[in-house]
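The following questions and answers are intended for a reader who meets this structure for the first time.

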Amino acid sequence: MTDPTTSDLRQLPVPDGLDGMRVDAGLSRLLGLSRTVVATLAEDGRIELDGRAAGKSDRLTAGSWLEVSLPSPEAPAVITAAPELVGGMTIIHEDDDIVVVDKPVGVAAHPSPGWTGPTVVGGLAALGIRVSTSGAAERKGIVHRLDVGTTGVMVVAKSEHAYTVLKRAFKERTVDKRYHAVVQGHPDPSSGTIDAPIDRHPKHDYRFAVVADGKPSVTHYDTVEAFRSASLLDVHLETGRTHQIRVHFSALRHPCAGDITYGADPTLAKRLHLTRQWLHARSLGFDHPADGRWVEFVSEYPEDLARALEILRD
């Protein structure tokens, strides 16, 4: 039997319900493993019945002493962000505790499985900016995120103290997060609050949706400018769910212009030359972690969103 110090050793009598079953079928049911995995364990000598190695096709006898040595689970692979200069990413503000960036489109906040593009974390590393070591390995210093397709202002913690303070501030909703969004049509009322729970879409795992048993999600909005076919909104997030603004306005049948994933009109998107949602993290305000003074940072519209606005105004 494999050294139990390097594996998970299960020892128990064979239950009556498995009497007469093949080892692979019976242990698959008992341990919740596939028959293929159980067969491999048997081939590796990791299954014993009454002290003798058991083959996958051997029969189980109720009351026999069963020993199964399961391999210790492998530690999850650590995903790290390689230093990589990120075109278009600018530093709005930097001090000993925080760095505030203007994130361009097509850039993720931090690395994740399946993402091979640029990241804010990697971009900061390439600039020689050291961030907090707190947080998971792949997102050290990250206290909040923006979608890959969403541009705008984002803060990253440089000191451990800043990480702790900012994490708490985002959790306790004392941060003022304001977005500008161009949505299709004209929301009624022109200013209001959307209070609707959000969770993963029941049929499409890559999307989110308003669902009855979702997480509480609250979005406040005011219409800044109305156009013939769309509206520019100032959006204040009370909560920060994934895709929250996109999901909430899609549920109201006023999806963000260009947001094909959430039901936007592709004809309008083409007319506005949009290849992503018109959504921009316009400003971010919070108590500075060093001394508690209120600070606020603003991001100007990037070229593609500004051009779409000009077309709507014509």
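Contact means that heavy atoms lie within 4.5 Å. The model discussed here is a predicted one.

Q: How many helices and strands does the protein have?
A: The secondary structure of the protein consists of helices and strands. The totals are 7 helices and 15 strands.

Q: What percentage of the residues of the protein count as buried?
A: A residue is called buried when its relative accessible area is under 20%. Of the 314 residues in the protein, the share that counts as buried is 46%.

Q: On which side or sides of H2 do Val38, Ala39, Leu41 and Ala42 lie?
A: Helix H2 spans residues 35–43, and in this helix Val38, Ala39, Leu41 and Ala42 are buried. Because they cover an arc of only 160 degrees around the axis, they are placed on the same side of H2.

Q: Which residues are exposed on the other side of H2, and which elements are included in what covers its buried residues?
A: Thr36 and Glu43 are exposed on the other side of H2. The cover over the buried residues of H2 includes helix H1 (23–31), strand S2 (47–49) and strand S4 (65–71).

Q: Why do the buried residues of H7 lie on the same side of that helix?
A: In helix H7, residues 303–313, the buried residues are Asp304, Leu305, Ala308, Leu309 and Leu312. They lie on the same side of H7 because the arc they cover around the axis is only 140 degrees. An α-helix has 3.6 residues a turn, so residues three or four places apart point the same way. The arc asked about for H7 is thus 140 degrees.

Q: Which residues are exposed on the other side of H7?
A: The buried residues of H7 have a cover that includes strand S7 (151–157), strand S8 (176–184), strand S13 (230–237), helix H6 (266–271) and strand S14 (279–287). On the other side of H7, the exposed residues are Glu303 and Glu310.

Q: Is Tyr163 buried or exposed?
A: Tyr163 belongs to helix H4, residues 160–171. Beyond four places away in sequence, the residues it touches include Ser132, Gly141 and Ala157. Its relative accessibility is 13%, and therefore Tyr163 counts as buried.

Q: What distance separates the C-alpha atoms of Tyr163 and His186?
A: Along the chain, Tyr163 and His186 are 23 residues apart. Their C-alpha atoms are separated by 39 Å.

Q: Which residues does a cis peptide bond join?
A: Most residues other than glycine have a negative phi, and most peptide bonds are trans. With omega at about 10 degrees, the cis bond joins Asp188 and Pro189.

Q: Is His243 buried or exposed?
A: His243 lies in the loop between S13 and helix H5 (244–251). Although His243 is not a glycine, its phi is positive, at about 60 degrees. Because its relative accessibility is 15%, His243 counts as buried.

Q: What is the relative accessibility of His273?
A: His273 lies in the loop between H6 and S14, and its phi is positive, near 60 degrees. His273 counts as partly exposed, since its relative accessibility is 44%.

How values were computed
Residues numbered from 1 in each chain as written. Predicted model: local features only at pLDDT ≥ 70, side-chain atom pairs only at ≥ 80, totals over all residues. Heavy atoms only, no water. Helix = DSSP H or I, 4+ residues; strand = E, 2+ residues; numbered from the N terminus. Buried < 20%, exposed > 50% of the residue type's maximum accessible area, 1.4 Å probe, protein only. Arc of directions from axis to C-beta.
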